[in-house]
Amino acid sequence: MKVKDLMIPLQDYLRPENTLKEAVNLLRVSKKGEEKVGLKGLPVLDKEGKLVGMLSMTDILKAVHPSYMSLMNLSDFTWEGMVESLAKSVADKKVETVMTKDVITVKEDDPLMECVDLIIKNSIKRLPVVNKTGKVVGMIYERAVFYAIAKSLLDENTGGGE
Amino acid sequence: MTEEVKAATQVVMGAQFWIATAIFLLVYGLIVTEKIHKTILAIVGASTMIVLRIITQEDAFNSMELGVDWNVIFLLVSMMIIINIMKPTGVFEYIAIKSAKVAKGKPFMIMAIFSTVTAVVSAFLDNVTTVLLIAPVTMLICQALELDVVPFLITEALASNIGGTATLIGDPPNIMIASKAQLDFMAFVYHLTPVIIVVLIAYIISIKFIFGKKMHVRDELRQRIMAMNENDAIKDPVLLKKSLVVLAITITGFITHGMLHFEPATIALFGAGLLLLVSGTKEPHHILAEAEWATLFFFMGLFIIIGGVVKVGLIKWMSIKVLEITQGNLLGTSMIVLWFSAFASAFIDNIPYVATMNPLIIDMARQLWPNFSGVQLLHHPDLMPMWWSLALGACLGGNGTAIGASANVIVVGMAEKMGKPISFKKFMLYGMPLMIESVIICMGYVWLRYYILKI
């Protein structure tokens, strides 16, 4: 099986200059193919359609996580309302300041194992799929890869071939 | 005097002299531009000195006068090991949260107590380590109280440089001076701690005037601080107890090392070894790898580069020039050393500065008192104020600018990450006057204690 057999064509994406407010709104209403509404991550494309980053739920969590918290063990000394007030303060931050900039991509014709390898080694949940010209054409999700594995695993007739 | 100076002026300025001087100037010049990392420059400069046969590898690695001062390296690395083991216990978080609660969440009280705690901790630990441990909690406390964190970060960086000046182990310049001048821990306590206490008190009063009136906090926000339980910070009480015992042994060792005729590095290495043993760690390589190797190699490289210019006579030539300017006036020389060191350290790294000044002062002493040698020369009563002036100037001078001391660089970096950049100008606006204030106090102290009271 190839990447393009499992990929969901690109529907929604963000721009680097979008605010986090806009980004969160889009994440909430985006569709994953025909599936239920709501996404955990979106690619970020610039004006020319070039992939410049990925914005995931974790990136939003990181945006409200103060830099000093990662320097010491301070989780016991936080207070109620801290996340809410910090969330308000980052609402107008630009996507480009929060997004993950080093994006790992796969090509349409890559074999599926490449996805498995990249997902495991980089502990990521989704991979943008690019075509020969480097344009993002779709997304491939950990869940889709799992379903493909599950299908082969349960189906006794499809040994190694297909 | 003039006869001796004449004889001593005969520094042979051959090819070796100029090659070594060129390497020295090139490395120091490039360190200032910050285009290439200073550690890389130090390693390249040092190895070039050896490759070009300015000094031998034997001298570079084994001579205390011309090569790496292992006393300094082992003292630094041992203290780094001790801190790296203690950090995960949560003791530093505990101290900071406790301090904020003692201050009852009142802004200026927090600033004053945090500055004092920073100064005291800095007297025993490296300044950068202290700031790295106290600044994150400060940012948390300021966020809880909805206060601007910048004044707190600046005052802590300045306090850490003040506190670090108080003891032999507080700041690298003191470690270097102690090793070269063969001064023990108690000598620093006896000669520097008193004036640093005065400087610190004056500093706290000054920041009260500068920042005290501007800060107000609503009562409900103070409740956030009072609701914190500092005991939650302690993650490993067993390791903490062990660490405190070993730390107590180590500090006792420092206090008595002069009497027991041990070098400070011996005490520190013993402490580090003991703590590694009792901590029961199975993976020492983690703790060892976390030592700041870039800093340590910077020191090693510098020592060899300085060894090169000492060997070819550049430092001797410089010391002759200094004596020509001061005409052998010792009080004048002390004051020049104090003020020059302060302003030099405000703009350049005080570690290469002190590495250069140490042999320069020794050469100066050799010319002033040619009949003395060894400890008699190093501890000549008229030379002692020079060492203290050098230590006070080089350590306190770091407060002048944002780049004057590593602790300043760290807090500026942290503030920027928080989205609250501190400009060079802004830091200097607070740092420079407070630095000058502290050096004026030291000037009065050196003059009064060593030239009037002579005690």
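**Entry 1: terms and ground rules**

I note first that two strands pair if DSSP finds at least two bridges between them. Helices (H or I, at least four residues) and strands (E, at least two) are DSSP runs, numbered from the N terminus. This is a predicted model, in which local features need pLDDT of at least 70 and side-chain atom pairs count only at pLDDT 80 or more, while totals for chains, interfaces and linings use all residues. Residues are numbered from 1 along each chain as its sequence is written, and chains are lettered from A and ligands numbered from 1 in the order in which they are written.

**Entry 2: a hairpin in chain A**

I looked up strands S2(A) and S3(A). They pair in the antiparallel sense, over five bridges. A:Leu45 stands opposite A:Leu51, a residue of S3(A). Five residues lie between the two strands of this hairpin. There A:Gly49 has a positive phi, near 85°.

**Entry 3: chain A as a whole**

I went through the elements of chain A and found seven helices and six strands. Along the sequence their pattern reads α-β-α-β-β-α-α-α-β-α-β-β-α. The C-alpha trace spans about 55 × 40 × 30 Å along its principal axes.

I then checked burial. A residue is buried if 20 or more other C-beta atoms lie within 10 Å of its own, exposed if 12 or fewer, and partly exposed in between; C-beta atoms are placed from the backbone. In chain A, 21% of the 162 residues count as buried.

**Entry 4: helix H2 of chain A**

Which residues of H2(A) are buried? I found A:Leu20, A:Ala23 and A:Leu27 in this helix, which runs over residues 20-29. They sit on the same side of H2(A), because they cover an arc of only 55° around the axis (the arc of the directions from the helix axis to the C-beta atoms). An α-helix has 3.6 residues a turn, so residues three or four places apart point the same way. On the other side of H2(A), I list A:Lys21, A:Asn25, A:Arg28 and A:Val29 as exposed.

What covers the buried residues? The cover includes S2 (41-45), S3 (51-56), H3 (57-64), H4 (82-90) and H5 (95-98) of chain A. Two residues are in contact if their C-beta atoms, placed from the backbone, lie within 7 Å.

**Entry 5: chain B as a whole**

I counted 24 helices and zero strands in chain B. Its radius of gyration (taken over C-alpha atoms) is 22 Å, close to the 23 Å of the globule rule (2.2 Å times the number of residues to the power 0.38) for 455 residues, so chain B is as compact as a globular protein of that length. Of these 455 residues, 51% count as buried. Among contacts in chain B between residues at least 6 apart in sequence, 82% join residues at least 24 apart.

**Entry 6: two domains in chain B**

I looked up the domain bounds, which come from an automatic or database domain assignment. Domain 1 of chain B is 2-68 + 294-452, and domain 2 is 71-289. Their centres, taken over C-alpha atoms, are 26 Å apart.

How many residues of each domain are in contact? Domain 1 gives 42 and domain 2 gives 41. On the side of domain 1 that touches domain 2, H24(B) supplies the largest share, nine residues. That side divides into 32 nonpolar, eight polar and two charged residues. Here Ala, Val, Leu, Ile, Met, Phe, Trp, Tyr, Cys and Pro count as nonpolar, Asp, Glu, Lys and Arg as charged, and the others, Gly among them, as polar.

**Entry 7: between the chains**

Last, I checked where chain A meets chain B. Ten residues of chain A and 16 residues of chain B take part in the contact. The chain A side has seven nonpolar, two polar and one charged residues.
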